[in-house]
Amino acid sequence: MRRFSWFNLTSLTLGFAFLYLPMLILVIYSFNESKLVTVWAGFSTKWYGELMQNEAFLDAAWVTLQVGVISSTIATVLGTMAAHIMVRGGRFFGRTLFSGMIYAPLVMPEVITGLSLLLLFIGIGLDRGVLTIVLAHTTFSMCYVSVVVSSRLVSFDKSLEEAALDLGCTPFQAFRLVTLPIIMPAVISGWLLAFTLSLDDLVIASFTAGPSATTLPIKIFSSVRLGVSPEINALSTIMIGIVTVGVIGFSVISKRNIARAEADARAAERT
Amino acid sequence: MPANGAPIFAPWDDPAAKPLIRFENVTKRFGDFTAIDNLTLDIYEREFFALLGPSGCGKTTMMRMLAGFETPTEGKIYVGGQDMGPIAPNQRPVNMMFQSYALFPHLSVYENIAFGLRRDGKPKDEIHHRVEEMLRMVRLQKFAKRKPHQISGGQRQRVALARSLAKEPKLLLLDEPLGALDAKLREDTQFELMDIQENTGTTFVIVTHDQEEAMTVASRIAVMDEGKVMQVSTPDRIYEFPDNAYVADFIGDVNLIEGRSSAAIDETVQIEWAEGQQAITAQTSRAITAGQKVFYAIRPEKVTISPDRPADAVNAAQGKILDIAYLGNLSTYHVQLPTGQVIKSQMANTRRISRRPYTWEDEVWVSWTKTGGSVLEG
């Protein structure tokens, strides 16, 4: 173990404190006995129990999950297709315009995206509900997927696709049988990113959600305006838990894959 | 070969032979850059044909046009008499072995070889049979279940070869197939490739920048430069009878002497090449006119070095040994003439080096025969 200097130690502590102190307090207070969020009155898990009874929160959580899964799946399909065209399509008419338009939502203020979607849905007479949130989330998360996937495709050896064509694949078969399996990790990362963004989103969802469907962030935000309840702390703790498990699991798997690939490469050199 | 009655394989000399591949006035431009310039070329069935040239000479473009990854800007390419213009890469009777091997990293060795066969929808046991046969051919049966990153570079090269031959293509394209192998493995693999080519009877077209490789494996070589074919011929003719100074210089080591020729009389010319030097007497079948500027190309191993002027020498010049390049089996002597010109002479080291007859600064004579070199039009 190497020793840290005082300077290193201070910056490390400060950095982590800034990042995680608020969350730590939230987690601690989720186990608070008292109804008052700021007063500690002993350990209890009763707010978790109450949360399970709260229909409104459970409904919102269910909607959020549905929206997240459906929108990130559609966004992954569309984003991957867009990335493939951008990287592999060569030069075609309107390419620059098209690529600019794919990436524009990345820098577009969310309020504007939300507002324009709202106007569109009203314009075409679409009732606001799960469907409209899904459409909205697909729209803005698609560009993130396409950024992730195209960065993988740029480093992808084009001769692999040519080899597939050479061996009798149609262009679609070459994509399905060769390109897609190889870029799969990037596609999955794109899906996870889109899912996280959808789970996270408050602004766009509040523009496009209707009375029939509310997502969890909207629900939390609106109930906080009436005062922070320990129930919300409990809910947030659960969400932090899910995200943490997901991130750790993902990095463990990818680390193991890298280690295995390295071991294979060493074994191959010996034979 | 004719001694035992077998005919020499030389369909290019037979006017009745139909070529398997025909490039007809093919031009390929990338924007302003002309990669292939109005090129016409025939390649015959069962040939091991090498496209040889420096990088950027257009040889890879030729191959990619055959595979269907590039389309000619002008002209037509025929394979087996059929115009390849409208035919997509996946429908051509052509397979390619890529320089990077392009093995599918997510599939095992077995699945890589079976990939093309599966696309044809062949019955399962037929595919299995064929893959086993291919694995046997490249001696990789034990590695069938491994992934490409679990085998060595030489084994990957063989998987790539097996995969591209599995569909029994009429024509196999090999893009620098041995480029990634080290020298010793390379040499073994060259002979292996020749054996496989002979046994399968497939027409091979190989792209390479390595002249030794081309000379070893090919039945004929096309030497290319800047999108043009400089000469197409058998390795021995390319080496011994180059068509032009570019080919003479590109293939092997050569002494290129510029001079002015007399008119050819009885296929013999006199070339005036330096003040105070005897004119070179050379044999040529070219119609050379008096006073024409020519290059005289002679290989170093055809130049003899001796302490005195050989009595019967047709061409001889005196000089001083400037440099000796010792290669083990051979030594190349750089002999500087009084005119400043350097003539290279290569001698086999039939004796051990301690008994070497010549050393630096020795006054020697270089000589060569009337038929030793080629007269090339400048």
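Domain bounds here come from an automatic or database domain assignment. The views show a predicted model, in which local features need pLDDT of at least 70, side-chain atom pairs count only at pLDDT 80 or more, and totals for chains, interfaces and linings use all residues. Residues are numbered from 1 along each chain as its sequence is written, and chains are lettered from A in the order in which they are written.

**View 1. The two domains of chain B.** Chain B is assigned domain 1 (2–245) and domain 2 (253–304 + 315–377), with their C-alpha centres 38 Å apart. Four residues from domain 1 of chain B and five residues from domain 2 of chain B form the contact, two residues being in contact if their C-beta atoms, placed from the backbone, lie within 7 Å.

**View 2. Helix H1 of chain B.** Helices (H or I, at least four residues) and strands (E, at least two) are DSSP runs, numbered from the N terminus. Helix H1 (residues 59–67) of chain B is largely enclosed by the rest of the structure because eight of its nine residues are buried, that is, have 20 or more other C-beta atoms within 10 Å of their own, with C-beta atoms placed from the backbone. Among the buried residues are B:Lys59, B:Arg64 and B:Leu66, and just after H1(B), B:Gly68 takes a positive phi of about 100°.

**View 3. The side of chain B that touches chain A.** In this interface, 21 residues of chain B are in contact with 21 residues of chain A. Strand S6 (94–97) and helix H2 (109–119) of chain B each supply at least two residues of that side of chain B, and H2(B) gives the most, with three residues.

Technical notes
A residue is buried if 20 or more other C-beta atoms lie within 10 Å of its own, exposed if 12 or fewer, and partly exposed in between; C-beta atoms are placed from the backbone.
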